[in-house]
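The following note sets out points for a colleague who is examining the model shown below.

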Amino acid sequence: MHILRILQTVDRRVLYVLLMLSVTLPFFLTVRLPMRVSPATQALYDRIENLAPDDFVLLAIDWSAGTRGENGPQTEALITHLMRKKCRFAMLAFEPQSPTLCQAIAERLGKEYGSIEGVNWINWGYRVDAKNFLKGFVQDIPAVIKTTNRQEDVTNLNKFPIMKGIKTASDIKLLINIAPSNIYQTYVQFVAGAKKVPMAVAPTSVMVPEVFNYLDSGQIIGMMPGLPGAGEYESLLGTNTKVTRFANSASFAHILIILFIVLGNVAMLLERRQNARAGGAA
Amino acid sequence: MLEPVKGGLWYAYVLGSLILVAALLAVLSLLPRRAKRYIVMTVTLLGGLFYALEFFLPTHPMMVGDDPNADGNFLTPFIVPMANVLPAISACAVGLGVINLFQLHGKRALKRNADSINSIAFFVSCIGMAAVWIASKQPQASPLSKALGKILFEGALQNLDATMFSIIAFYITSAAYRAFRVRSMEATLLLATAIIVMLGQITIGQLLTAWIPPRYDFLHVEVIRNWILTKINAPATRAIAIGLGIGSLAVGLRIWLGLERGSYFDE
């Protein structure tokens, strides 16, 4: 078969193997690529940086294992920053897998930064029916939340001193939604918009173009765009964990896709030109 | 308002609610079709009316919950009880979904054909996961049930979920390679935009234009990507979002006022 035809019809199994290699090889290589922090990530970082110790932050975590590759590092970066700043934070989920996944992250980082569950952070667990739930939540947080992830009474201030002074949405200094879905729109509508709570979003890369609308309109104050955003945030924090390697994997995978798209198109155009010269159909 | 109850009273409330619902369903099933339709329409209208009136009626400063500086009207204090009741109703909808799945797969499993094994797999995984997870979350859970819960949730479910999602990357690569061909002006524009956005998204792409002096910052690929996303993409998606919003409003109004036909109000 002619080389130009081969370049246009590469077997999908060859692509799969090359993609697998481009994603996995960076895990075993130490490649440090320069990272330019986007304005949206910088804005989110600055907002947390300007919070006072003990300020209360709500982490609305709505991701499952399917998007762990992107949302996991985002959650880790944000929890790291909040623990370093000694801010109090609560985690709330409308996705059933989230409470277990974020509990593990908070427990692990809590040991590192001396952050104690119930005192510095709390896991409110999984809830259903986001719209109706949030309508009441903004008015009276303890009355709607009621229990933690472990079914313990959140109004027990001896066990959960973190809840002291937390009554309405006005007591939340910052709301951050980490999700691969459009649940952030519900938070914009019923919490950020209704009660003027500053809000940021950490979406997956595929959601980024959509979230730009809300960033552009000022309805959200910052954004951590997917895995690259987590890498940018990590560079701001000065930490260097596996996120950088994950970001390199994403980089190589993107380059592979671009390379094959360009190769396919160049081959197609050259073939057309050859056909035209030979007097055949272009 | 609507304070939670504990102990024997809780069981009495649950039992009473079940009897009440069963009686209501029995009465509803005896009614003629037309009457059932009007009852469903009336309940839908009243249900939707609460939030609409609470939003549109004039408000005045009042104490809401523990917030002395809130604004509201006579319906506002009922928002919190509604927030406790409505999610419980939504949770019942999940239960209905499970009943539906059991009915469907029960029939398929009993047919004993080549597909029956899939339905049996559904029953085993659904009942197994639920039983193990409930057992592992009990206060006196045994180490075995905790370990089983961990194996099924962290070992199986999470990894299966991640695998299913990861497979998409392979299909996207193959599809992008085959579909992105410059066969027309529109396709060329789409391809060029996609490549710029992809390059601007990754560190290697940003490295390609890193040599350009800061004076010509607008030529950096990440700056061009940002411009495309905020100046071209955002207005377009916003227009689509507004269209979707108006469409949703129209559908919502039709359902609320009982104008929608089909599965909402008809048998």
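Which side chains meet in a salt bridge at 4.0 Å, N to O?

1. The pair is A:Lys135 and B:Glu54, whose side chains meet at 4.0 Å, N to O. A salt bridge here is a side-chain nitrogen of Lys or Arg within 4 Å of a carboxyl oxygen of Asp or Glu. Between chain B and chain A the count is 2 salt bridges, and over all chains the structure holds 9.

2. On provenance, this is a predicted model, in which local features need pLDDT of at least 70 and side-chain atom pairs count only at pLDDT 80 or more, while totals for chains, interfaces and linings use all residues. Residues are numbered from 1 along each chain as its sequence is written, chains are lettered from A and ligands numbered from 1 in the order in which they are written, and side-chain values use heavy atoms, with hydrogens and water left out.

3. At the interface, 57 residues of chain B are in contact with 61 residues of chain A, contact meaning heavy atoms within 4.5 Å. The two chains bury about 5300 Å² between them, 63% of it on carbon and sulfur atoms; buried area is the accessible area (1.4 Å probe) that two parts lose on being put together, summed over both. In chain B, the residues that lose the most area to chain A are B:Phe170, B:Tyr177 and B:Thr203, together 13% of what that side buries.

4. There are 19 residue pairs in polar contact between chain B and chain A, both residues being at pLDDT 80 or more. A polar contact is a pair of N or O atoms within 3.5 Å; within protein, one must be able to donate a hydrogen and the other to accept it, and residues adjacent in sequence count only if both atoms are side-chain atoms. The elements of chain B that give two or more residues to this side include helix H2 (33–56), helix H5 (143–179) and helix H8 (221–256). H5(B) provides the largest share, 14 residues. Helices (H or I, at least four residues) and strands (E, at least two) are DSSP runs, numbered from the N terminus.

5. Chain A has 11 helices and 6 strands. Its C-alpha trace spans about 85 × 35 × 30 Å along the principal axes. Of the 282 residues in chain A, 54% are buried; buried means under 20% relative accessible area, exposed over 50%, and partly exposed in between (1.4 Å probe, protein chains only).

6. Within chain A, the side chains of A:Glu271 and A:Arg5 meet in a salt bridge (2.9 Å, N to O). A:Glu271 lies in helix H11 (residues 242–277) and A:Arg5 in helix H1 (residues 3–8), so the pair ties together parts that are 266 residues apart in sequence. A:Glu271 counts as buried at 16% relative accessibility, whereas A:Arg5 is partly exposed at 31%.

7. A:Glu76 forms a salt bridge with A:Arg108, their closest N and O atoms being 2.9 Å apart. This pair ties together parts 32 residues apart in sequence, because A:Glu76 lies in helix H4 (residues 68–84) of chain A and A:Arg108 in helix H5 (residues 98–113) of chain A. A:Glu76 is buried, with a relative accessible area of 17%, and A:Arg108 is partly exposed, with 41%.

8. In a further salt bridge, the closest N and O atoms of A:Lys159 and A:Glu152 are 2.5 Å apart. A:Glu107, A:Glu117 and A:Arg150 are linked in a network of salt bridges.
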